[in-house]
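Hello,

Here is the structure you are taking over. My notes on it follow below.

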Amino acid sequence: MLDRFYLIVDSTEWLHRLLPQGVRLVQLRIKNKPEDVLRTEIAEARALCEDAGAQLIVNDYWQIAIEEGCDFVHLGQEDLDDADVEVIRQAGIRLGVSTHDDTELDRALSVQPDYIALGPVFPTILKKMAWAPQGIDRVREWKRRIGDVPLVAIGGLTPERAGQVLGAGADSAAVVTDILLNADPEARTREWVAATRTTGR
Ligand SMILES: Cc1ncc(COP(=O)(O)OP(=O)(O)O)c(N)n1
Ligand SMILES: Cc1nc(C(=O)O)sc1CCOP(=O)(O)O
Ligand SMILES: [Mg+2]
């Protein structure tokens with residue numbers, strides 16, 4: 001069972017600030033750092049999330065996640081090319097997978113994921129995407145197709161849009177820039193917590 005509010009951060013510094021605001025589900029998504037930094041950040045994130053009673057999901061670095069005793073990783077389609085899903089499963093690690101189109105959805109379902117992410121639902125400024133925004137109807141369609149597998153909506157979300165994607169069948173709404181680039185990330189996080197506890201299904 002995923003929390004309906006899924007925060008994504010790029011350092012443990014954010015966890016010190018935002019976990020106390022009521023975050024229960026968080027992804028550590030670090031790019032372009034040396035392995036020793038990654039390992040230190042992942043280990044610290046694990047301890048901080050454990051203390052806060054939050055679920056940590058490690059993006060990309062499934063081997064370090066296993067070695068540092070984490071229990072949930074997120075992999076995109078390119079990450080899956082290099083990942084050993086058998087090893088991940090044997091380590092008892094849960095796995096979330098990104099999808100953007102039908103082919104990716106088929107592939108994601110074939111590894112029996114613990115959730116499927118669909119994006120970008122709205123335009124995102126975080127990274128260049130090869131896909132046009134999916135829109136709300138696509139969220140509805142994805143949920144119909146994946147049934148009991150939890151669905152995470154991502155891309156350009158705000159508290160108001162989170163209500164829309166949850167209402168369309170997403171189980172959780174993931175966010176980066178609406179919080180990390182906000183003038184007051186702590187207050188915006190509290191808005192997210194309130195919005196996702198009171199809207200949607
Ligand atoms: C919840 C969630 N959904 C999608 C992604 C994107 O994963 P990926 O396609 O591997 O891209 P990067 O985030 O690694 O750049 C995600 N991280 N989390
Ligand atoms: C990291 C990521 N993956 C996406 C996908 O569609 O797979 S969209 C996305 C960016 C989400 O950031 P923001 O909340 O700032 O738009
Ligand atoms: Mg990735």
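**Overall fold**

With 201 residues, the protein chain would have a radius of gyration near 17 Å if it were a compact globule, and its value of 16 Å agrees with that. Please keep in mind that this is a predicted model. The C-alpha trace spans about 40 × 40 × 30 Å along its principal axes. The protein chain contains 10 helices and 8 strands. Counted over its 201 residues, 39% are buried. Among the contacts with a separation of 6 or more, 51% join residues 24 or more positions apart.

**Annotated domain**

An unreviewed UniProt entry lists residues 11-179 as "domain: Thiamine phosphate synthase/TenI". In the model, that stretch is 44% helix and 18% strand.

In soluble globular proteins, nonpolar side chains tend to be buried together. In this chain the largest nonpolar core has 55 residues, and those touching the most other members are L7, V152, A153, V165, A173 and A174. Strand β1, residues 5-9, gives the most to this core, with 5 residues.

Apart from neighbours within four places in sequence, V165 is in contact with V121, I136, V139, A153, L157, A170 and A173. Two of these partners, A153 and A173, are also on the list of core residues that touch the most other members.

**Ligand shells**

There are two ligand sites to look at.

- Ligand 1 is surrounded by 13 residues, of which G76, S98, A117, I154 and A174 are the closest. By class, this shell has 4 nonpolar, 6 polar and 3 charged residues.
- Ligand 2 is surrounded by 16 residues, and the closest are G119, T124, L126, V176 and T177. Its shell divides into 7 nonpolar, 7 polar and 2 charged residues.

**R138**

R138 belongs to helix α7, which covers residues 136-146. L118 is 20 residues away from R138 along the chain, and their C-alpha atoms are separated by 8.6 Å.

Regards

Key. Residues are numbered from 1 along each chain as its sequence is written. Chains are lettered from A and ligands numbered from 1 in the order in which they are written. This is a predicted model: local features need pLDDT of at least 70, side-chain atom pairs count only at pLDDT 80 or more; totals for chains, interfaces and linings use all residues. A residue is near a molecule or strand if its C-beta atom, placed from the backbone, lies within 6 Å of it. Ala, Val, Leu, Ile, Met, Phe, Trp, Tyr, Cys and Pro count as nonpolar, Asp, Glu, Lys and Arg as charged, and the others, Gly among them, as polar. Helices (H or I, at least four residues) and strands (E, at least two) are DSSP runs, numbered from the N terminus. The radius of gyration is taken over C-alpha atoms; the globule rule is 2.2 Å times the number of residues to the power 0.38. A residue is buried if 20 or more other C-beta atoms lie within 10 Å of its own, exposed if 12 or fewer, and partly exposed in between; C-beta atoms are placed from the backbone. Two residues are in contact if their C-beta atoms, placed from the backbone, lie within 7 Å. UniProt positions are given in the numbering used here, feature names are shortened, and annotations may be inferred rather than shown by experiment. A nonpolar core is a set of buried Ala, Val, Leu, Ile, Met, Phe, Trp, Tyr and Cys residues joined through C-beta atoms within 7 Å.
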